[in-house]
Amino acid sequence: MEPMEPMERARAPREDGGAEELLGELEGLVKDVVRASSWWERRGVDCAILALSLLAVPAGFLCLRSENVLVFAIGIAILGVCHYTLTVKGSHLATHGALTESKFWNNILTLFFVEVCTAFPAEYAKYGHVKMHHGYTNVVGLGDSSTWKLPCLNRYIYMFLAPFLIPIVTPLVALERLRKVELRSAVQTLGLISLGLCSHYWLLLGVSGFKSPSSALACMLLTRSLLAHPYLHVNIFQHIGLPMFSPDKKPRRIHIMSLGVLNLPRLPVLDWAFGHSLISCHVEHHLFPTLSDNMCLKVKPVVSKFLHEKQLPYNEDSYLARFWLFLDRYEEFMVQAPPIMELVGLQ
């Protein structure tokens, strides 16, 4: 979808019937699919993927003991993919409460995936992602994905080099956030973050047999940045460059999600490590954020068919197409202020 000109006014994709009625009708169809699904489909598949990733971690550390280059590379790949599966897929599902119905266990899982594995404060992750990004999707100044913009960097540094800094920047940002919370909470979060980072470092020295601190730290950086490029790219591809709305004139939720969210095609490694809700089912995820990745994939045909039948947008594009688009129009998308779209009659 081509970005709109600033303050462009457009006719509503569908003004009759009412946006709330449309959303209610779609919710009814999706609830029917969820009710007809087993626990394995609703939560089990994604829990199994996360459990398998945890179980594969020891194999990755043991592979790093080998002097064989191929086996060593396999170890790096295992640890890198497992790291992103736990930190991206696990953290994302946990913050949305999609792994379990138990509030207690969901809090435990959130602390584990977000603070121990990702090295970021769980409360800030929930606030930034669930409350702001999902609550104000593509609303300028609130949930417009502007936190991913770094206007001081040119397109090549941002798209190719900046992702390598994500493992370093994440704990530094966490420390800055902790300055603003009460002491008890800050100490707890700092302890869990330290546990995750120190455990990774110690396992490389004690299990993988690294001889020097510098080599262990270099390996940590390598495994934690293995999928950093697609992680950064996916976060900008699926919202930036699509219609943005002003806080006082935003349309109804179903129109925001159909206009301002984009699905990428299925990509096996990213489907596993990031989850369907962040790759091929992002529209479905924004409409129904508490569904697991597997359930987002299951309701995808229902959502797609419904939006097409109601003549609402259903944005899809390939990874490479978005990549070249952002590389070509980087200044417009990532530096300049985003254009604002108005849908007449829907504010």
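Predicted model: local features only at pLDDT ≥ 70, side-chain atom pairs only at ≥ 80, totals over all residues.
In helix α1, the residues A19, L22, L23, L26, V30 and V33 are buried. They cover an arc of only 90° around the axis, so they sit on the same side of α1. On the other side of α1, E21 and R35 are exposed.

**Helix α1**

- Helix α1 runs over residues 19-35 and has 17 residues.
- From the first C-alpha to the last, α1 reaches 24 Å, close to the 24 Å expected at 1.5 Å a residue.

**Helix α8**

- Helix α8 covers residues 183-206, which is 24 residues.
- At 1.5 Å a residue α8 should span 34 Å, and because its end C-alpha atoms are 33 Å apart, the span agrees with that expectation.
- A186, T189, I193, G196, H200 and L204 are the buried residues of α8.
- The partners of these buried residues are α2 (39-63), α4, α7 (166-178) and α9 (213-224).

- Helix α4 (residues 103-117) packs on helix α5 (residues 122-134) at an angle of about 95°, and the two axes are 9 Å apart.
- That angle makes α4 roughly perpendicular to α5, because angles of 65 to 115 degrees count as roughly perpendicular.
- On the α4 side the residues that meet α5 are N107, T110, L111, V114 and E115.
- On the α5 side the residues that meet α4 are A122, A125 and K126.
- A119 is in the loop between α4 and α5, and its phi is positive, about 65°, although A119 is not a glycine.
- A119 has 1% relative accessibility and therefore counts as buried, the cut-off for buried being under 20%.
- N138 is in the loop between α5 and α6, and this residue, other than glycine, has a positive phi near 60°.
- N138 is buried as well, with a relative accessible area of 0%.

**Y158 in helix α6**

- Y158 lies in helix α6, which covers residues 155-161.
- Its relative accessibility is 1%, so Y158 counts as buried.
- Apart from neighbours within four places in sequence, Y158 is in contact with W148, L150, L153, P163, L232, I236, Y330 and M334.
- With W148 there is a specific pair of atoms: the backbone oxygen of W148 lies 2.4 Å from a polar atom of the Y158 side chain.
- Y158 and A122 are separated by 36 residues in sequence and by 26 Å in space, C-alpha to C-alpha.

- H285 counts as buried because its relative accessibility is 1%.
- Not counting residues up to four places away in sequence, H285 touches H92, H96, H129, H134, S277 and C296.
- The side chains of H285 and H96 make a polar contact at 3.4 Å.

**S292 between α13 and α14**

- S292 is in the loop between α13 and α14.
- A relative accessible area of 3% means that S292 is buried.
- Leaving out residues up to four places away in sequence, S292 touches E41, R42, R43, D46, L93 and A98.
- The S292 side chain reaches the backbone oxygen of R42 at 2.5 Å.
- S292 and H276 are 16 residues apart in sequence, and their C-alpha atoms are 8.7 Å apart in space.

- At 17% relative accessibility K300 counts as buried, since the cut-off is under 20%.
- With residues up to four places away in sequence not counted, K300 touches N263, S280, C281, E284, Y314 and E316.

Note on methods: Residues numbered from 1 in each chain as written. Heavy atoms only, no water. Helix = DSSP H or I, 4+ residues; strand = E, 2+ residues; numbered from the N terminus. Expected span 1.5 Å × (residues − 1). Buried < 20%, exposed > 50% of the residue type's maximum accessible area, 1.4 Å probe, protein only. Arc of directions from axis to C-beta. Contact = heavy atoms within 4.5 Å. Polar contact = N/O pair within 3.5 Å; in protein donor to acceptor, adjacent residues only side chain to side chain. Axes fitted to C-alpha atoms, helices over the stretch in contact; angles between N-to-C directions. Parallel < 35°, antiparallel > 145°, perpendicular 65-115°, else oblique.
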